[in-house]
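Hi,

Here is the structure I promised to pass on to you.

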Amino acid sequence: MKRFVYADHSATTQPSEHVVETMLPYLRTYYGNPSSLYAISDQTKSAVEHAREQVARALGAESKEIFFTSGGSESDNWAIKGVAHQLAQKGKKHIVSSVFEHHAVLHTLDALKKEGFEITLLPVHDNGIVRVEELTAALREDTALVTIMFANNEIGTIQPIAEIGAICKQRGILFHTDAVQAVGNIPIDVHEMNIDLLSLSAHKFYGPKGVGALYVRKGVRLPNLIDGGMQEVGRRAGTENVAGIVGLGTAIEDAVSTMQERNQKLILMRDKIIDEALKIERSRLNGDRYQRLPGSANISFEGIEGEALLLWLDQNGICASSGSACTTASLDPSHVLLALGLKHEVAHGSLRLSLGAENTMEDVDHILSVLPRVVDMLRAMSPLWEEIKKQEAL
Amino acid sequence: MYSELVMDHFTNPRNVGEIADADGIGEIGNAKCGDIMKMYIKVENNVITNVKFKTFGCGSAIATSSIATEMIMGKSLEEALTLSNKAVVEALGGLPAHKIHCSVLAEQAIKAAIADYYRKQGIDPEPIVGCIEDCEACHAHGHEHE
């Protein structure tokens, strides 16, 4: 039988059995609306509050600082638009972010720009990491918010969040981080790191899709994004996604309690992939070698195109991603890879492998047995590769 | 995303390679856009007796190159010139909307190879082949996406 290797955990993860088990009663039995008064709703109400405690504990926050949302995009929109609109009243209309944020952040900033906000996007340099001194230099009297992702979704690089948090605190500027890729994967403490707002999404750490949360530090005033009923103490309307919220709570608790052990394993597997893949000629690792998520590797192979590579990997049972334009409906390759200074043709030939809890060293060996073969085969039929070799010979 | 036939041409591409003593070579696309197609043809008595291709590009770029070589093999130059990108898409049983431009590249690569053949014969290809639009900017074929 063909081996199946899921190596796209940065895209999404499979909900764990434990997560599904804890969710099912809230789909089958406990369907009461948490806002209702009768007894069967007591169970759903307390389940939501239990999940809130689980999320708070995982982040070093207090329960009342956690608000459930539909996921990372909503949390990002709420945090950024909320702070922007709140502080615009005080004449603060400048926001600092980075060029390689997720589109949930970048497109939100685009929308604010149209409203008259000024946006500074920091470069990330060839290692895919924001420089703290450049961030400090970008801060102004009228800076309302700094929003920098915790870890990048495509190349996995981890940003200097604690340092940024300390600077923002010192300057009295609010700090939001899109931590969708980081939560459950690397340690986070919102107090130690001076984070004011943090977005997370359950499906990135073995929870269900369609549910996430926004951490809002006590005292931060944030207008509503979604108005309506009095759910989430009147700050986020809509009947609670009870089963999803319960799944989120279980997933975050499990992910944090097993993190250390899992990461020891993931780092070994990730490093083997990087070391072996880089033995392929004219390949490069995208993003810093060490300051990266435990399971994430992004590698470019010159002379080939990423979608063709993914299709061949899929033929061999391997699920992965690419930053090639051809994997999307857009015309340009990934903005993240271009931000690192990669040429378009090199960005087109990128491969993201993101490992997770269920992967084994046998999976890694399978990937490494297939990858060089597929790269060679595609290069053999590539006129671009022919050109590269011709140039080499000169 | 792709039909079985597209996947078949992608995983078992027909006529891959080069022709050392080709009578015409056409190259279309550019690296920046993420696709380059190179077609080699051998012509005897106005008939394409051999054709090979090399492609840098996505699955559909490889599949369209492959099927296009099959569609012009053994055809006269005049017949080969009538091959439209639409016919290539139809032969493949359809392509996703944002991949249609790959079939345009295949049509253009064939035309470029034939133009090169005429040029080598001392014949001005433009009145016969017409103007071949190279993919100078991704946006030139970008409109095909929408």
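Below is what turned up when I went through it.

One thing before you start: this is a predicted model.

Let's begin with where the two chains meet. Chain B puts 29 residues into the contact and chain A puts in 22. Interface size is often quoted as the accessible area that is lost when the parts come together. Here, about 2,200 Å² is buried between chain B and chain A, and carbon and sulfur atoms give 68% of that. Three salt bridges were found across this interface. In a salt bridge between A:Glu386 and B:Lys38, the side chains come to 3.2 Å, N to O.

Next, a helix in chain A. Helix α10 of chain A covers residues 259-277, which is 19 residues, and at 1.5 Å a residue it should span 27 Å; the C-alpha atoms at its ends are 26 Å apart, so the two agree. Its buried residues include A:Arg262, A:Leu266, A:Met269, A:Ile273 and A:Ala277. In an α-helix there are 3.6 residues a turn, so residues three or four places apart point the same way. What lies over the buried residues of α10(A)? Among the elements of chain A that cover them are the helices α9 (242-257) and α14 (361-380), along with the strands β9 (283-285), β10 (296-301) and β12 (350-354).

Then the rings. Searching the whole structure gives four aromatic pairs over all chains. One of them joins A:Tyr26 and A:Tyr30 in a tilted arrangement, 5.4 Å centre to centre with 40° between the planes. A:Tyr26 counts as buried because its relative accessibility is 14%, under the 20% cut-off, whereas A:Tyr30 is partly exposed at 30%. B:Tyr117 and B:Tyr118 make a tilted pair too, at 5.7 Å and 55°, and both of these residues are buried.

A:Arg379 lies over the face of A:Trp385, 3.9 Å from the ring centre. The charged end of A:Lys93 is over the ring of A:Phe117, at 5.0 Å from its centre.

Last, A:His94, which belongs to strand β3 (residues 94-98) of chain A. Is A:His94 buried or exposed? It is buried, with a relative accessible area of 0%. Leaving out residues up to four places away in sequence, A:His94 touches A:Glu118, A:Thr120, A:Ala138, A:Arg140, A:Asp142, A:Thr143, A:Ala144 and A:Leu145. A:Leu368, on the other hand, is 274 residues from A:His94 in sequence and 46 Å from it in space, C-alpha to C-alpha.

Cheers

Note on methods: Residues are numbered from 1 along each chain as its sequence is written. Chains are lettered from A and ligands numbered from 1 in the order in which they are written. This is a predicted model: local features need pLDDT of at least 70, side-chain atom pairs count only at pLDDT 80 or more; totals for chains, interfaces and linings use all residues. Side-chain values use heavy atoms; hydrogens and water are left out. Helices (H or I, at least four residues) and strands (E, at least two) are DSSP runs, numbered from the N terminus. The expected span of a helix is 1.5 Å times one less than its number of residues. Buried means under 20% relative accessible area, exposed over 50%, partly exposed in between (1.4 Å probe, protein chains only). Contact means heavy atoms within 4.5 Å. Rings of Phe, Tyr and Trp (its six-membered ring) pair if their centres lie within 6.5 Å; planes under 30 degrees apart count as stacked, over 60 as edge-to-face and the rest as tilted. A charge sits over a ring if NZ of Lys or CZ of Arg is within 6 Å of the ring centre and within 35 degrees of the ring normal. Buried area is the accessible area (1.4 Å probe) that two parts lose on being put together, summed over both. A salt bridge is a side-chain nitrogen of Lys or Arg within 4 Å of a carboxyl oxygen of Asp or Glu.
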